[in-house]
Amino acid sequence: MELLSGLPPADVRLVLSRSRRRKFRRGEVIFHEGDPADALHLIMSGRVAVRVATPLGDAATLDLVGPGDVVGEQALLPPAGPRSATTIALEPTETMALSASDFAALRSEHPAVDGVLLALLARRNRSLAARLAEALYSSAETRVLRRLLEVAALYDDDADGDGAVVLLTQDDLAGLAGTTRETVNRVLRKEAESGALDLARGRVTVRDRASLERRAR
């Protein structure tokens, strides 16, 4: 697991022993925006959407993450505060939840854990900086294709010879790309006409990843 890759195996076992296994059904909320931030979740299996409420009362999707990633890492940073987003299981999902209090104890007992948290936060900061630069200098069409390819990579393990099937709505993709649903619909329909993907309600099947990658550069 990437989050724990900087720790010796014995410390990895210790971190996991302090964590509590949690299981979530498809569509079940892992935590709500505004809830007390009290634990980090290591995703062992399944995929999770990270969403925030908009001023108009809608929900915008900020990120989709899968096995080996983490959500709720800010819970481990003092002072304690509310959750900044809602996370929802897109399919049956299993996590290992590490409470803030247990992590504080681990930090005092095993200083290497502190470095892992810093590395995680640095990675998240680089990702946010890259997204900001994209928003300033890349077209909406390019961002839609890049986000689609990133999400498709999360579904590669499930792909068969017919391509990766991405269980993603156009509203979700619009949130990820920082654009409108109308733009996403136009881009996807154009790619469907070219044969690069197939569209269905709530899903996109990637047929020609290479051509999508060329147009996403």
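Biologist: Where is the place of E94?

Modeller: Happy to. This is a predicted model, so to speak, with local features requiring pLDDT of at least 70 and side-chain atom pairs counting only at pLDDT 80 or more, while totals for chains, interfaces and linings use all residues. Residues are numbered from 1 along each chain as its sequence is written, and side-chain values use heavy atoms, leaving out hydrogens and water.

E94 has its place in strand 8; strands (E, at least two residues) and helices (H or I, at least four) are DSSP runs numbered from the N terminus. E94 is buried because its relative accessible area is 17%, where buried means under 20%, exposed over 50% and partly exposed in between, with a 1.4 Å probe and protein chains only. Leaving aside neighbours within four places in sequence, E94 is in contact (heavy atoms within 4.5 Å) with R21, R22, K23, L42, I43, M44 and S45.

Strand 8 (residues 93-99) and strand 3 (residues 39-45) pair in the antiparallel sense over six bridges; two strands count as paired if DSSP finds at least two bridges between them. The open sheet has four strands in the order 1-8-3-6, with antiparallel pairing. At its edges are strand 1 (20-24) and strand 6 (70-71), each pairing on one side only. Helix 2 (residues 100-109) packs on this sheet, touching strand 3 and strand 8, and its direction makes about 60 degrees with that of strand 8. For that angle, axes are lines fitted to C-alpha atoms, for helices over the stretch in contact, and the range is 0 to 180 degrees between N-to-C directions.

I30 is also worth a visit: this residue lies in strand 2 (residues 29-31) and counts as buried at 10% relative accessibility. Apart from neighbours within four places in sequence, the contacts of I30 are F24, H41, V48 and T87.

V48 takes us on to strand 4 (48-53), one of the elements giving two or more residues to the lining of the largest pocket. Strand 4 pairs with strand 5 in the antiparallel sense over six bridges, and A53 has A59 in strand 5 as its bridge partner. The two strands form a hairpin with five residues between them, and G57 in the turn has a positive phi of about 90 degrees.

As for the largest pocket, about 1,100 Å³ of space lies in it. Its lining has 46 residues, and the closest to its centre are V50, D63, E73, R124 and L128. A pocket here is an open set of points on a 1 Å grid over the protein atoms alone, where a 1.4 Å probe fits, with protein on both sides within 12 Å along at least five of seven lines; lining residues have an atom within 4 Å of a point. Grid points are joined across faces, edges and corners, and the volume is the space filled by probe spheres set on them.

Helix 3 gives the most to this lining, with nine residues.
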